[in-house]
Structures are given as C-alpha cells and as structure tokens.
Amino acid sequence: MNSRAPGTLAVGRVKFFSRHRGEVNSSAFSPDGQTLLTASEDGCVYGWETQSGRLLWRLGGHTGPVKFCRFSPDGRLFASTSCDCTIRLWDVAEAKCLQVLKGHQRSVETVSFSPDSKQLASGGWDKRVMLWEVQSGHVLRHLAGHRDSVQSSEFAPSSDCLATGSWDATIRIWDLRTGTPEVYQELEGHSGNISCLCYSASGLLASGSWDKTIHIWKPSTRSLLLQLKGHVTWVKSITFSPDGLQLASAGYSRMVKVWDCNTGKCMETLKGVLDVAHACTFTPDGRLLVCGAADQARRQVHRSQITQALSKMTPPRMAPGPHALRLPAQGARGPVE
C-alpha cells in the first residue's frame with residue numbers, strides 16, 4: 001500500500017445528467033476525461049461533454065437494455081454490452097457502430113479492453129469468457145471454467161492476465177501469456193456474486209460482491225490485504241482513484257462510499273441525493289467522481305467534485321444551487337442540509 005495519506009475530501013455542486021429514459025447501469029470516462037459514457041436500461045448508450053453536461057449523442061442499436069460500457073485506453077473506441085447477447089464496438093470520433101460481436105448465448109454483462117486496446121474480454125450469463133481481437137472482431141479464445149454467470153472482468157495493467165468474477169463467488173485470473181490460457185489463480189473468500197472488479201495502477205485487485213463487502217487483493221501472492229465492510233446492500237461498482245490511494249464504491253442503496261486504501265477505513269459516505277447508486281467512476285485526474293443512479297421520477301447521473309485538499313488548505317467555496325451537496329464537518333457522515 002502507499003504510505004502517503006489521502007487528503008480531506010470536499011464535495012461541491014452536484015450536476016445532474018437527466019435525459020436517460022431508463023436506469024443507468026454503467027458509466028465510464030474517456031482517457032482524457034472530456035467525455036462521459038453512460039449505459040442505460042432504455043437500450044441506448046449516451047455520450048456527454050464532461051464540463052458542460054451537454055448531451056453529445058444518444059446511440060441506439062442494441063435491442064435490449066445496455067448493461068455495461070467501457071472506453072478503450074487509447075480513447076478511440078468504446079464498447080457496450082447488452083441483454084441482446086451482443087457487444088457493440090463504436091468509433092468515438094464519428095459516434096458510429098463499427099462492429100457487432102456475436103458469440104454469447106445469453107446476456108453479456110461485462111466487457112473490458114486490454115491496456116494496448118488491441119483485445120477485448122467479455123463475459124455473461126452463459127458462463128463463458130470470450131477474448132476478441134478488436135480490429136477484426138474475431139474471437140481469439142474461449143475461457144471456460146466458471147460454474148455460473150460471469151459478471152465482471154478486468155485486464156491487469158501488465159496485460160498478461162485477465163481477472164473475471166462470477167456468481168460462483170470466485171475470482172479467476174487467467175494467464176494470457178500461453179497459447180491456451182489456464183487459470184493459475186483462483187481467489188476465494190467472498191460468499192456471494194462477484195459483481196465488480198478493478199485493478200489499481202500498481203496491480204492490486206479490488207472485488208465487490210453481493211455479500212456487501214469489498215476485498216483488496218495482491219494477486220501475485222493470492223493475499224487478501226483488506227476487507228472493507230460498511231455497505232448495507234450488495235456492492236454494484238468500484239473504482240480506484242488514479243493514484244491508488246482511494247477506492248470509491250457504489251452499492252444497491254442510496255450511498256456511495258470513499259475508502260482509504262492504506263487503512264481500509266471509510267473516509268466519507270456520500271448520500272442524500274442518490275436513489276439506487278448503480279455505478280461510480282473517477283475522472284482520470286481523480287478530482288471528479290461520477291455516480292450513475294436510478295430514480296423513479298427521473299433517471300440521472302450525478303457529478304460530484306472531489307477536491308484533494310491538504311489539512312492546511314481550505315476546501316473550495318461552492319456557490320449554492322438546486323443540486324448542491326456539501327460535506328459536513330470532519331468526522332460526521334452525510335450531507336448538511
């Protein structure tokens with residue numbers, strides 16, 4: 001773990017992206033932080049200008065709810081998965097579909113790009129993990145072994161491994177350096193579905209589960225470093241800050257938590273303006289945290305400014321507004337009305 005302690009969090013104005021026609025299932029930032037991608041239950045993928053909140057595109061094509069979305073690391077493409085059993089590859093510059101990847105037999109729940117943007121991994125309710133060549137759209141490998149639906153996937157920063165999480169409550173780490181990948185590690189410890197996975201830049205792996213906990217692992221030694229407890233419902237989404245010092249998590253409840261990765265303690269619980277928090281992600285610079293939510297009256301994505309303020313610095317003053325959220329005094333929890 002990094003020995004440098006995270007700074008104090010300050011949450012400013014909350015911005016709403018409220019033109020979805022269904023629940024927000026996933027969100028992702030482009031590598032340059034300029035574009036926000038959201039996947040909706042309404043069957044569309046949305047692109048937003050991060051700073052202004054302007055809707056750039058609303059892309060149809062999937063014939064079922066869009067379950068997950070992800071930008072390629074080079075920022076040129078993004079992928080979306082759906083209950084229609086397909087993955088769509090999209091061109092960012094022209095906002096058009098380039099490939100429709102078919103091969104899964106049931107809903108595709110997860111997709112991830114390799115760090116070099118040349119490969120794509122997908123998994124779903126058919127219990128299969130599939131590796132694709134991005135340029136051609138051809139299947140490179142089928143990875144079989146999970147005993148239940150595959151719900152999450154993430155390439156290691158080194159590109160030589162792929163982690164997948166399943167309803168069978170295990171995390172499998174596949175060695176991609178061999179011609180026929182074999183599971184060389186299986187991480188056990190959760191008692192429920194592994195709903196989300198995330199690698200830090202240093203190679204630590206975080207897993208969120210329906211058992212309401214988050215585990216942080218050192219995959220090379222199969223060591224469980226931290227177990228984070230505090231969510232009252234299942235964990236839906238997790239994301240490391242770019243420096244790896246913090247982890248944000250969204251649960252199937254009205255809260256998003258921010259954790260100190262050195263101590264495992266919950267630094268802040270952000271609540272009060274969210275309905276069910278489905279997704280969370282940091283911007284590449286770590287200053288913004290976006291949370292996608294389902295609201296029965298309106299579907300929206302919340303954009304909260306996170307400022308890394310040192311103890312001697314005063315948190316930025318934010319003008320009050322209709323959707324302003326401020327943190328209470330240090331040590332308290334929840335928003336100040």
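1. Aromatic pairs. The structure holds seven aromatic pairs. Rings of Phe, Tyr and Trp (its six-membered ring) pair if their centres lie within 6.5 Å; planes under 30 degrees apart count as stacked, over 60 as edge-to-face and the rest as tilted. Take Tyr 46 and Trp 48: their ring centres are 5.9 Å apart and their planes stand at 10°, so this pair is stacked. Tyr 46 is buried, at 0% relative accessibility. Trp 48 is buried too, at 1%. Buried means under 20% relative accessible area, exposed over 50%, partly exposed in between, with a 1.4 Å probe and protein chains only.

2. Basis of the model. This is a predicted model, in which local features need pLDDT of at least 70 and side-chain atom pairs count only at pLDDT 80 or more, while totals for chains, interfaces and linings use all residues. Residues are numbered from 1 along each chain as its sequence is written, and side-chain values use heavy atoms, with hydrogens and water left out.

3. A second stacked pair. The rings of Phe 78 and Trp 90 also have their centres 5.9 Å apart, with planes at 10°, so they are stacked. Phe 78 sits in strand S7 (residues 77-82) and Trp 90 in strand S8 (residues 86-91), so the pair ties together parts twelve residues apart in sequence. Both Phe 78 and Trp 90 are buried. Ring pairs also join Trp 57, Phe 71, Phe 78 and Trp 90 into a cluster.

4. Overall make-up. The chain has zero helices and 28 strands. Helices (H or I, at least four residues) and strands (E, at least two) are DSSP runs, numbered from the N terminus. Of the 337 residues, 58% count as buried. The chain exposes about 14400 Å², and carbon and sulfur atoms supply 47% of that. Accessible areas come from the Shrake-Rupley method with a 1.4 Å probe; for residues, only the protein chains shown count as cover. Among contacts between residues at least 6 apart in sequence, 45% join residues at least 24 apart. Contact means heavy atoms within 4.5 Å.

5. Two strands pair if DSSP finds at least two bridges between them.

6. Strand S4 and its partners. Strand S3 (residues 35-40) and strand S4 (residues 45-49) pair in the antiparallel sense over five bridges. Ala 39 has Val 45 as its bridge partner in S4. Thr 38 is bridged to Tyr 46 of S4. S3 and S4 form a hairpin with four residues between them, and Gly 43 in the turn has a positive phi of about 90°. S4 and S5 pair in the antiparallel sense over four bridges. Val 45 has Leu 59 as its bridge partner in S5. Five residues lie between the strands of the S4 and S5 hairpin, where Gly 53 takes a positive phi near 80°. How many of the five residues of S4 are buried? Four are, and S4 is mostly covered.

7. Nonpolar cores. A nonpolar core is a set of buried Ala, Val, Leu, Ile, Met, Phe, Trp, Tyr and Cys residues joined through side-chain atoms within 4.5 Å. The largest has 14 residues; Ala 206, Ile 214, Ile 216, Leu 228, Ile 238, Phe 240 and Leu 247 touch the most other members. Strands S18 (194-199), S20 (213-218), S21 (223-229) and S22 (235-240) each supply at least two residues of this core. The largest share, three residues, comes from S22. Beyond four places in sequence, Leu 247 touches residues including Lys 257, Val 258, Trp 259 and Cys 261. A second, separate core of 13 residues includes Phe 68, Val 111, Met 130 and Trp 132.

8. A loop residue. Is Ser 159 buried or partly exposed? Ser 159 is partly exposed, with a relative accessible area of 26%. Ser 159 is found in the loop between strand S14 (150-155) and strand S15 (161-166). Not counting residues up to four places away in sequence, Ser 159 touches Pro 115, Asp 116 and Leu 176. The C-alpha atoms of Ser 159 and Pro 115 are separated by 6.1 Å, though these residues are 44 apart along the chain.
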